[in-house]
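The following exercises ask the reader to work through a structure step by step. Each task is followed by its solution.

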Amino acid sequence: MTVWFVPRDAAALSVGADAVAAALEALGEQVVRTGSRGLLWLEPLVERADSRNGTRVGWGNVQASDLRDNPLTETAANFLGVVEELDYLACQNRWIYERVGIIDPVDPDDYLFHGGMAGLQRALELSPASVITAVTESGLRGRGGAGFPTGIKWQTVAEQSPVPHKGDPQDAPRHKYICVNADEGDSGTFADRMLMEGDPFCLLEGMAIAAHAVGADSGMIYLRSEYPAAIAVMSDAIDKARARGWLGQGILGSACNFDVTIRVGAGSYVCGEETAMLESLEGRRGTVRAKPPLPAIEGLFGTPTVINNVLTIASVPSILARGAEAYAALGQERSRGTQVFQLAGNIARGGIVEVAFGISAHELIFDLGQGTKSGKPLKAVQVGGPLGAYLTADSLQVSMAYEALAAEGAMLGHGGLVVFDDSVDMAEQARFAMEFCVEESCGKCTPCRIGAVRGVEVIDDLLASDASENAEQLLRDLCDVMTAGSLCAMGGLTPQPVLSALDQFPEDFKRVAVRVDATAQGVVHE
Amino acid sequence: MESPIKTTEQIETLKGLLTPIVKREPGPVLLCLQAVQTQYGYIPDGAVAVIAEVCNVTRADVHGVFSYYSDLKKTPPPVISVRLCAAEACQAVGGRALAAAWGEVCAADPDLAAATGTNEPVFCLGNCALGPAALVNEQLIGNANVETLKSAVTAAQNAAETAL
């Protein structure tokens with residue numbers, strides 16, 4: 001029988017997917033709600049198959065009004081043909097996202113049917129040490145931005161003995177934790193959200209593999225409050241996983257005991273920094289901790305703790321299931337495997353692109369993304385979130401990989417690319433980077449807390465018609481202090497967008513001065 | 001406005017809500033604040049003292065956490081909350097202009113302004129390929145403009161009235 005698939009991903013819901021599903025149901029059709037394929041400019045993207053697991057054909061930008069009398073037809077203007085053959089999907093190499101957009105995210109049977117739990121089963125056949133060896137050999141590095149080798153982190157935690165929570169008596173229960181950082185605050189990134197909404201069991205399976213590998217008994221997911229849909233899907237998935245014996249005592253009949261809870265953030269960007277996240281998980285102000293001690297040795301509640309990003313943990317099940325060697329065969333230099341790139345901002349075809357490391361920013365933005373949404377020339381691309389550098393249109397041949405980006409003075413971050421057309425004022429963007437740091441600094445260290453406030457003032461001075469002669473030098477010195485003197489990446493990397501804007505787009509910093517002058521004289525009205 | 005946590009009975013009710021959290025969860029202060037906000041819509045006067053007591057920490061400790069997180073509110077929320085994304089991906093597709101236009105719409109319509117309060121910017125709603133993004137109560141809006149925001153507010157008002 002005919003089955004219709006309509007995404008329940010928040011991005012699809014934001015453009016009317018619920019009304020589309022309701023309209024199909026009103027026509028008596030069978031509707032399965034899935035995650036999103038990640039072809040976001042086509043949302044709501046509705047698919048149809050002759051059976052639940054048959055080949056799917058799709059329609060883009062479907063509105064409920066298209067469905068008044070009849071379901072969609074193959075002669076409709078928005079008919080896309082076979083979804084998996086669309087160029088945007090056909091060129092991808094999906095490991096983390098292999099099931100996203102295909103399965104019902106909260107149906108455990110659908111998960112099993114599409115290869116779910118194969119990684120955990122394989123892991124449980126192996127000794128913990130062999131699992132860590134596999135993760136190390138895969139070359140997997142932290143996808144949150146820092147790129148630390150995951151196997152080494154896990155090895156460090158595995159070597160520690162579990163301890164009671166700090167402050168508890170010595171005979172209290174002993175713990176090690178797996179903490180998943182789902183505080184995806186970087187603008188231009190949404191891959192954690194879409195994975196959690198589209199394949200939550202994959203994240204739980206990865207956490208259970210990590211627990212087996214390092215001997216952890218407890219897991220926590222720190223999920224930001226701005227993602228209510230992801231919170232709902234993950235909570236539902238945790239309940240269902242417990243009922244299936246995928247979490248709890250004796251997972252899949254093994255000796256592994258492990259359970260997961262969610263803690264919801266409260267609107268603080270810096271809590272995506274791992275030590276601030278630990279503070280917040282412990283119920284305190286989300287201020288950064290000095291390291292050492294490393295969280296792997298003394299982390300959540302003083303216990304040995306693995307902290308990994310959602311995408312890092314979600315990579316592990318397919319690495320175990322398909323083999324570390326196959327994963328390590330992808331990519332370049334020390335950037336192995338796949339990365340989930342997110343095309344965002346002013347881009348014609350925005351969405352999720354999971355491919356091996358090494359693709360160029362140019363290919364991502366122009367071949368897949370097809371340039372700006374506005375149709376105007378591209379002026380700048382911010383790579384890696386609000387703390388990432390702005391690249392010019394001329395520098396987009398750079399390979400998207402840790403080493404290649406670092407050589408350009410940029411960073412991969414969480415894999416987001418935010419595209420701007422030529423209407424952007426880069427001086428305004430530089431000022432915003434400092435403003436954002438003022439808003440979100442945790443306040444623990446002076447270079448960040450005071451530096452950001454001073455940064456806004458100095459940029460304002462630089463842009464004023466009567467700018468002091470040394471304003472630019474002052475800004476550069478300030479950035480130097482913030483880079484070298486801040487405790488974490490918040491203050492340490494805020495200078496990246498500021499200086500890249502200043503270095504690559506100096507004319508914008510002058511033009512504003514002219515404009516301010518003109519406004520003052522009543523020549524320009526804005 | 002009178003705090004809903006004043007009488008002995010109200011205080012005991014709140015303790016009944018919070019005690020199971022404190023017993024079950026390590027590090028419960030933020031969880032308690034979030035539970036209070038879920039219950040009342042904000043953190044009313046008197047809540048900090050009750051949380052301090054059930055968590056066995058000082059009121060200063062609780063206040064420190066309360067004042068740190070931007071989600072936690074001192075005053076009751078507007079009937080309809082409208083939050084426009086102020087981060088880079090939405091800036092790239094006219095987010096700043098939308099925020100300015102929405103401000104003008106509210107300035108010209110006192111009823112709307114009263115129902116929605118001040119736009120409280122949010123840094124990223126994770127809808128960065130379909131910006132500008134906005135959150136109207138729990139409803140995420142993609143490709144937002146003044147018209148879609150207005151109709152989302154109307155829908156939220158209707159939903160609120162139906163709920164009553």
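**Domains of chain A**

Chain A is divided into domain 1 (3-90), domain 2 (108-328), domain 3 (334-421) and domain 4 (426-520), the bounds coming from an automatic or database domain assignment. The model is predicted: local features need pLDDT of at least 70 and side-chain atom pairs count only at pLDDT 80 or more, while totals for chains, interfaces and linings use all residues. Residues are numbered from 1 along each chain as its sequence is written, and chains are lettered from A and ligands numbered from 1 in the order in which they are written.

**Exercise 1.** Describe how domain 2 of chain A meets domain 3 of chain A.

*Solution.* Step 1: the C-alpha centres of the two domains of chain A, domain 2 and domain 3, are 27 Å apart. Step 2: the contact involves 19 residues of domain 2 of chain A and 19 residues of domain 3 of chain A, two residues being in contact if their C-beta atoms, placed from the backbone, lie within 7 Å. Step 3: on the side of domain 2 of chain A that touches domain 3 of chain A, at least two residues each come from α8, α12 and α13 (324-328) of chain A. Helices (H or I, at least four residues) and strands (E, at least two) are DSSP runs, numbered from the N terminus. Step 4: this side of domain 2 of chain A has 7 nonpolar, 9 polar and 3 charged residues. Here Ala, Val, Leu, Ile, Met, Phe, Trp, Tyr, Cys and Pro count as nonpolar, Asp, Glu, Lys and Arg as charged, and the others, Gly among them, as polar.

**Exercise 2.** Determine how helix α8 of chain A is placed against helix α12 of chain A.

*Solution.* Step 1: α8 (residues 191-198) and α12 (residues 310-322) of chain A pack at an angle of about 45 degrees, and their axes are 9 Å apart. Axes are lines fitted to C-alpha atoms, for helices over the stretch in contact, and angles run from 0 to 180 degrees between N-to-C directions. Step 2: α8(A) and α12(A) are therefore oblique to each other. Angles under 35 degrees count as roughly parallel, over 145 as roughly antiparallel, 65 to 115 as roughly perpendicular and the rest as oblique. Step 3: α8(A) and α12(A) have a left-handed crossing, a term used if the near helix is turned anticlockwise from the far one by less than a right angle, with right-handed used if clockwise. Step 4: from α8(A), the residues A191(A), D192(A), L195(A) and M196(A) meet V310(A), L311(A) and A314(A) of α12(A). The residues of this contact of α8(A) with α12(A) comprise 6 nonpolar, no polar and 1 charged.

**Exercise 3.** Determine how helix α6 of chain A is placed against α12(A).

*Solution.* Step 1: the axes of α6 (residues 128-138) of chain A and α12(A) cross at roughly 100 degrees and come within 10 Å. Step 2: α6(A) and α12(A) are therefore roughly perpendicular to each other. Step 3: A134(A), V135(A) and S138(A) of α6(A) make the contact with V316(A), I319(A) and L320(A) of α12(A). Step 4: by class, the contact of α6(A) with α12(A) has 5 nonpolar residues, 1 polar and no charged.

**Exercise 4.** Describe chain B and the side of chain B that touches chain A.

*Solution.* Step 1: chain B has 8 helices and 3 strands. Step 2: its division is into domain 1 (8-68) and domain 2 (82-163), and the C-alpha centres of domain 1 of chain B and domain 2 of chain B lie 31 Å apart. Step 3: 34 residues of chain B contact 48 residues of chain A. Step 4: α2(B) gives the most to the side of chain B that touches chain A, with 4 residues. Step 5: that side of chain B has 23 nonpolar, 8 polar and 3 charged residues.
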